[in-house]
Amino acid sequence: MPFDLFFKLAQNTSVIVTIAYLLSKTKIFKNAMLLRNNRLEKLFLIAIFSAIGIMGTYTGISIKGALANSRVIGVVVGSLLGGPVVGIGAALIAGLHRYLIGGFTAFSCSIATVAEAGFAAVYVRKMNPKSLTWKTGLFIGVVTETLQMLIILATARPFAAAWDLVETIGLPMIVMNSIGIAIFVVIARNSIEEEEKAGALQAQKALEIAKVTLPILRKGLQEESARQVAQIIFDRAEVEAVAITNREVILAHIGNGCSHHLAGSPIMTKATQEAMDTGEMKLAQVKEEIGCRDHACTLRSAVIVPLYSRGDIIGTLKLYRGRDHGIGSVEIELAQGLAGLFSTQLELAALEEQSRRVAKAELQALQAQINPHFLFNALNTIVSLVRTDGEKARKLLIQLGDFFRKNIQRRDKFVSLREELEHIRAYLSIEQARFGDSLNVVEEIAPEAEDWLVPPLTLQPLVENSIKHGIYPKVNGGTVNIRCWVEQHVLRVVIEDDGVGIEQAKLEAIRQKRYISPTGAGVGLSNINDRLKYLYGSELEIQSEQGRGTRVSINIPAQT
């Protein structure tokens, strides 16, 4: 057995391995390892691996009327990395080429080429290319080259010549081509590991930046928040400039070009407008593709990623480099990761703002519900006192004015329990004027509770409900008890009456927020319950027994 055959095959294999290393640096090769190739890229891979197979044939060593070659490396690796379509496609082309060269093994080798690619494709059909090891590559190389020798023995004629050939080239081709396939697999694994490591580093950097910037974006996308975010990215991302825009103007530009990319000025670059028009990332690798109107601009490449909120494009994030083709996969991954995180936070900020507006609207609706009803009753009471007790009528008008003044001033700001109680007392002074001695109010307020912050118009509607639906229908009147104290850093409030109580069916409907009477009863309770749930995650606790009264409890944690 000529040992120089090992050496010559090793030389051929080293050429193919060098090509493999160069291929491993290309995006299309990395996509193959990640199973992300489209149809056009698959056709390109077929061309590449068939070319490697054909080159293995051309560099083969002529021996005994046949060729000792490395063709198998191209077609088998094509199957391992690109899948059955790529591997068998490359094998058909390389096999046909071998058949056309001729020789007594031409048909055998062409059939063997397709069979080898098919075996490799079947063997790894359920394996992720990233899980391939050099041992797997070595094993597949041994099996496929052994398969080729068997096909030559089975189909090449005369048999004696086929046997003599296999005896000479069999071991060198099995050993060297198996090693070549194993080395190819190692190079491929190293390539994808480098890609994943770079991606992981960018993901970590994006998360670090996001950790600092996301609280700022809670304010929404406006000039000051954009400036702070752009500065943070610029300090950490190692790029020449960072910019953030909304749909019309530049909100912030930090780094090179800031002399003419001014905050508040209209968007200057064609690429930015294209990114917003298409809703897709825009990669500009030369100055002309950026399309800046200032010809002296030193920024020469950029990646522009749209920012979204609730499905709509609201602006862009841009990373710039000062040289042509300066934007690589690192900058692209970072920009896309940050844009995704920022878009999520901006959407959350928009939802928070909407929730605040809804809560404010509910409070105003509650005020609108209470005020006309209360005003009507109060004025009727004062009218009835004008002729009989003018002084008392005057005092009630002052208290009524004080009640409505505080009601208007409160809006959506938190107030102290002391202020809320003053509001309740202004209301009670008019109600007691209406009911006289049939309405008693007892307050038990712990001193440490008076400074506790509470949402405005939380307790007064509950006191009104007790009087209106509990005490008023009772023939002999009754008592409303207001108790407030602090326990385990929580303000406990209980408003209790000894009125007529609530029917069990109606009580259950109220608890499930299904009860609203024709007069609007139930709306106030529902609004208060929703506000408490939104602010604190807690709800009203209502207990009632028909004929014995109703008890409503609220728990309010400390408000910072």
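Q: What makes the crossing of helix 4 and helix 6 right-handed or left-handed?
A: In this predicted model, the crossing of helix 4 and helix 6 is right-handed, a term used if the near helix is turned clockwise from the far one by less than a right angle, with anticlockwise giving left-handed. Helices here are DSSP runs (H or I, at least four residues), numbered from the N terminus.

Q: Why is helix 4 called roughly parallel to helix 6?
A: The axes of helix 4 (residues 71–82) and helix 6 (residues 106–123) cross at roughly 30° and come within 8 Å. Because angles under 35 degrees count as roughly parallel (over 145 roughly antiparallel, 65 to 115 roughly perpendicular, the rest oblique), helix 4 is roughly parallel to helix 6.

Q: Which residues of helix 4 and helix 6 make the contact?
A: With contact meaning heavy atoms within 4.5 Å, the residues of helix 4 are R71, V72, V75, V76, S79 and L80, and those of helix 6 are C109, T113, E116, A117, A120 and A121.

Q: Why is the aromatic pair of F49 and F184 called tilted?
A: Ring centres must lie within 6.5 Å to pair, and planes under 30 degrees apart count as stacked, over 60 as edge-to-face and the rest as tilted; F49 and F184 stand 6.3 Å centre to centre with 45° between the planes, hence a tilted pair.

Q: How do you know whether F49 is buried or exposed?
A: Buried means under 20% relative accessible area (exposed over 50%, partly exposed in between; 1.4 Å probe, protein chains only), so F49 at 1% counts as buried, and F184 at 0% is buried.

Residues are numbered from 1 along each chain as its sequence is written. Local features need pLDDT of at least 70, side-chain atom pairs count only at pLDDT 80 or more, and totals for chains, interfaces and linings use all residues, while side-chain values use heavy atoms, leaving out hydrogens and water.

How values were computed: Phe/Tyr/Trp six-rings, centres within 6.5 Å; stacked < 30°, edge-to-face > 60°. Axes fitted to C-alpha atoms, helices over the stretch in contact; angles between N-to-C directions. Helix = DSSP H or I, 4+ residues; strand = E, 2+ residues; numbered from the N terminus.
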